[in-house]
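Dear colleague,

Please find below the structure that I am handing over to you. The notes that follow it set out what was found.

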Amino acid sequence: MSIKIKRFLQAQYPSHAEVLDKVATIPRLRRRNMALPEAVVRVVTGQMLSSKAAQSIYQRVRSKASELELEGSWLLDYESLRSCGLSGSKARTICEVGAGIGADANALDHWYSLPAEELAEEIGGHKGMGPWTASIIALFYVGHEDVFPYADGSIQRAIGLLEGKRRSKKLRVDPELAAPYRSYLALYLWRALDTGVIG
């Protein structure tokens, strides 16, 4: 099925079929084996940061939670989160989520059954978690196949590179054409950038 999705995308974007062909076929999305409250911490930590910086800070957060023998990082207090390198606003977001769900690692499991739009609305109801955060959680942790992170800077850069400065209709990358597999379009765009296929 993974190759069928790739072929579908190539058919939808014929001018970019060659670029897609150069990117390794992406496997079907599945929910990640991580408690969703922990996923919230990881994604919020990564907002507006490079992957390397986000990973470094998140490792400190995990170490602090382990040191304090907590069920998960979402239970860390504000000062502990700040001491790991999180901004005040990110620490407040995580504290708010933690206060709302307590130590129950499964408290957000109903997210798995929500349609993407409802999931985005629920996540967006938390201060500090907007469309980008909702799309990343939906795509990488819940396993939704049809979400598109319009607000992601790397995605916008990839689309800009493919469309070129003249933005001709022929080269246009309209994410709506990828439905019901918009998540895979995003993944191919990220990977094309990361591997130097475009850039």
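At 73% relative accessibility, Glu69 counts as exposed (exposed means over 50% relative accessible area, buried under 20%, and partly exposed in between, with a 1.4 Å probe and protein chains only). Glu69 is placed in the loop between α4 and α5 (78-83). Although Glu69 is not a glycine, its phi is positive, at about 55°. Met48 likewise is not a glycine and has a positive phi, of about 60°. Met48 belongs to the loop between α3 (36-46) and α4 (51-67), and it is exposed, with a relative accessible area of 84%. As background, most residues other than glycine have a negative phi, and most peptide bonds are trans.

A peptide bond should be noted here as well: the one from Ala179 to Pro180 is cis, with omega near 10°. Pro180 is located in the loop between α9 (153-163) and α10 (182-194).

**Basis of the model**

The model is a predicted one, in which local features need pLDDT of at least 70 and side-chain atom pairs count only at pLDDT 80 or more, while totals for chains, interfaces and linings use all residues. Residues are numbered from 1 along each chain as its sequence is written, and side-chain values use heavy atoms, with hydrogens and water left out.

**The chain as a whole**

The chain contains ten helices and zero strands; here helices (H or I, at least four residues) and strands (E, at least two) are DSSP runs, numbered from the N terminus. Its pattern along the sequence is α-α-α-α-α-α-α-α-α-α. The radius of gyration of the chain is 18 Å, close to the 16 Å that the globule rule gives for 199 residues, so the chain is as compact as a globular protein of that length. That radius is taken over C-alpha atoms, and the globule rule is 2.2 Å times the number of residues to the power 0.38. Along its principal axes, the C-alpha trace spans about 55 × 30 × 25 Å.

Of the 199 residues, 47% count as buried. The chain exposes about 10500 Å², of which carbon and sulfur atoms supply 51%; the areas come from the Shrake-Rupley method with a 1.4 Å probe, and for residues only the protein chains shown count as cover. Among contacts (heavy atoms within 4.5 Å) between residues at least 6 apart in sequence, 67% join residues at least 24 apart.

**Buried helix residues and a loop proline**

Ile137 is part of helix α8 (residues 131-142) and is buried, with a relative accessible area of 0%. If neighbours within four places in sequence are set aside, Ile137 is in contact with Val40, Val43, Trp111, Ile123 and Val142.

Thr93 sits in helix α6 (residues 88-101) and is also buried, at a relative accessible area of 5%. Beyond its neighbours within four places in sequence, Thr93 is in contact with Val44, Lys127, Gly128 and Met129.

Pro14, by contrast, is exposed, with a relative accessible area of 59%. This proline lies in the loop between α1 (2-12) and α2 (17-22). Pro14 and Lys170 are 156 residues apart in sequence, and their C-alpha atoms are 8.8 Å apart in space.

**Aromatic pairs**

The structure holds four aromatic pairs. Rings of Phe, Tyr and Trp (its six-membered ring) pair if their centres lie within 6.5 Å; planes under 30 degrees apart count as stacked, over 60 as edge-to-face and the rest as tilted. The ring centres of Phe148 and Tyr150 are 4.9 Å apart and the planes are at 65°, so this pair is edge-to-face. Phe148 is buried, with a relative accessible area of 6%, whereas Tyr150 is partly exposed at 39%.

Tyr181 and Tyr184 form another edge-to-face pair, with 6.0 Å from centre to centre and 70° between the planes. Tyr181 counts as buried at 16% relative accessibility, and Tyr184 is buried with a relative accessible area of 0%. Together with Phe8, Tyr181 and Tyr184 form one aromatic cluster.

With kind regards
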